[in-house]
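This report describes the fold, the surface and the charged side-chain pairs of one protein.

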Amino acid sequence: MSTEMYQTPMEVAVYQLRNFSISFFSSLLGGDVVSVKLDNSASGASVVAIDNKIEQAMDLVKNHLMYAVREEVEILKEQIRELVEKNSQLERENTLLKTLASPEQLEKFQSRLSPEEPAPESPQVPEAPDGSAV
């Protein structure tokens with residue numbers, strides 16, 4: 001049977017899957033390794049049996065994938081929790097440092113961060129010629 005007579009990619013895929021050796025699927029199911037290829041002369045019973053084996057194997061693969069995805073989701077959730085905690089800690093440290101910094105230090109820091117944006121309004125302290133505040 002030629003694949004040209006199939007209209008859709010799905011029909012081609014089903015044809016190829018039915019003609020595929022199921023030894024891989026049998027090994028997944030823990031049974032004896034059976035290499036069976038279907039052709040046009042295969043009886044309806046063997047087609048159903050092999051379809052059932054393929055379905056069982058696909059269910060097994062799906063279950064393994066779902067388990068792996070759930071495991072990965074748990075790992076990512078833990079990483080998110082750790083990052084949120086770290087972010088909160090850094091925000092608290094930032095707030096503390098801002099409260100301890102002098103207005104001059106804050107202005108200098110802001111000018112380094114974004115030179116194109118104006119620094120927040122703070123009282124201007126005139127400087128003496130030697131660079132110290134008056």
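## Terms and fold

A helix here is a DSSP run of H or I covering at least four residues, and helices are numbered from the N terminus. The model under discussion is predicted. The protein has four helices and zero strands, and its elements follow the order α-α-α-α along the sequence. Helix α3 spans residues 44-100.

## Surface and contacts

The protein comprises 134 residues, of which 9% are classed as buried. Its accessible surface amounts to about 11100 Å², with 59% of that area belonging to carbon and sulfur atoms.

Where contacts link residues at least 6 apart in sequence, 28% of them join residues at least 24 apart.

## Salt bridges

Two salt bridges are found in a search of the whole structure. One of them pairs the side chains of Lys77 and Glu74, with an N to O distance of 4.0 Å. Lys77 and Glu74 both belong to helix α3 and are three residues apart, about one turn of the helix. Lys77 has a relative accessible area of 42% and is partly exposed; Glu74, at 46%, is also partly exposed.

Arg81 forms a salt bridge with Glu78, and their closest N and O atoms lie 3.0 Å apart. Arg81 and Glu78 are both located in helix α3, with a separation of three residues, about one turn of the helix. The relative accessibility of Arg81 is 47%, so Arg81 counts as partly exposed. Glu78 likewise counts as partly exposed, at 35% relative accessibility.

How values were computed:
Residues numbered from 1 in each chain as written. Predicted model: local features only at pLDDT ≥ 70, side-chain atom pairs only at ≥ 80, totals over all residues. Heavy atoms only, no water. Helix = DSSP H or I, 4+ residues; strand = E, 2+ residues; numbered from the N terminus. Buried < 20%, exposed > 50% of the residue type's maximum accessible area, 1.4 Å probe, protein only. Contact = heavy atoms within 4.5 Å. Areas by Shrake-Rupley, 256 points an atom, 1.4 Å probe, with all protein chains shown as cover.
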